[in-house]
Amino acid sequence: MPDDNGRDRGIRINPSILAADFVNMQADLARIATADFVHVDVMDNHFVPNLTFGPQMVERIQATSPVPLDVHLMITEPEQWAPGYAELGAASVTFHLEASAEPITLARRLRAIGARAGVAVKPGTPVEGLFDVLDEFDQILVMTVEPGFGGQSFMPETMPKLQLLADEARRRGSQVWLQVDGGISSTTIAQAAAAGADTFVAGSAVFGADDPDNAIAGLRSAAAHAH
């Protein structure tokens, strides 16, 4: 059911600033005020072959964004760095299962600071190991591309894994959010929603549109219909 701002409480659209105009970041952020979160990819050129933002930039985005921050850490040693992003005020901090030595401990620390705790898995990473610990996380991010670069094509072969997670979460009565990131557009979002996703990262589909608000509304409607 939509709220007063037109947001569907069961569907979340999180535009990715990888597709924004970095020179005019504040202006681009203002264009997505009807989104649920802004997705901020932090890459360290170690865990993935790309380098983006660090804490200083994220702090500035936090200060100017009209919507909460959904920070996605594609970095090594998240135990060392992730809590700092929560302390900056990010609403949600997601780290990669493949990079974490103690994912449960880290998730609990993020929650203790006040952020939602998320864990991400690459396309080739099995999810069955998360079944018994679903309630330790507020969000599970199933990557629908290989992490590291924006603009990649959606990988439909990740959908069975997402469906497994959704079925298990439903069976256990878990309230964990299931997020997808990579190649999400008006033509792929329905497929991800039908497989159980409720939180969608979209880059060029939003920031590349002439009217980002209209693009967000269209994505939200397509996902809700498929849900």
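Here are legends for a few close-up views of this predicted model.

Local features need pLDDT of at least 70 and side-chain atom pairs count only at pLDDT 80 or more, while totals for chains, interfaces and linings use all residues. Numbering starts from 1 along each chain as its sequence is written, and side-chain values use heavy atoms, with hydrogens and water left out.

**View A. The largest nonpolar core.** This core has 61 residues; a nonpolar core is a set of buried Ala, Val, Leu, Ile, Met, Phe, Trp, Tyr and Cys residues joined through side-chain atoms within 4.5 Å. Buried means under 20% relative accessible area with a 1.4 Å probe, protein chains only. Helix 5 (residues 159-172) gives the largest share, five residues; helices are DSSP runs of H or I, at least four residues, and strands are E runs of at least two, numbered from the N terminus.

**View B. Around Ile17.** Ile17 is among the residues with the most contacts inside the core, along with Val40, Val71, Val93 and Phe200. Leaving out residues up to four places away in sequence, its contacts (heavy atoms within 4.5 Å) include Phe22, Met25, Val40, Phe53 and Phe207.

**View C. Strand 4, wrapped on both faces.** Five of the five residues of strand 4 (residues 92-96) are buried, so the rest of the structure largely encloses it. Ser92, Thr94 and His96 lie on one side, Val93 and Phe95 on the other.

**View D. Partners of strand 4.** Strand 3 (residues 69-74) runs parallel to strand 4, joined by four bridges (DSSP must find at least two for strands to pair), and Val71 sits opposite Val93. Five bridges link strand 4 to strand 5 (residues 116-121), also parallel, with Arg116 as the bridge partner of Ser92.

Terms used. Buried < 20%, exposed > 50% of the residue type's maximum accessible area, 1.4 Å probe, protein only.
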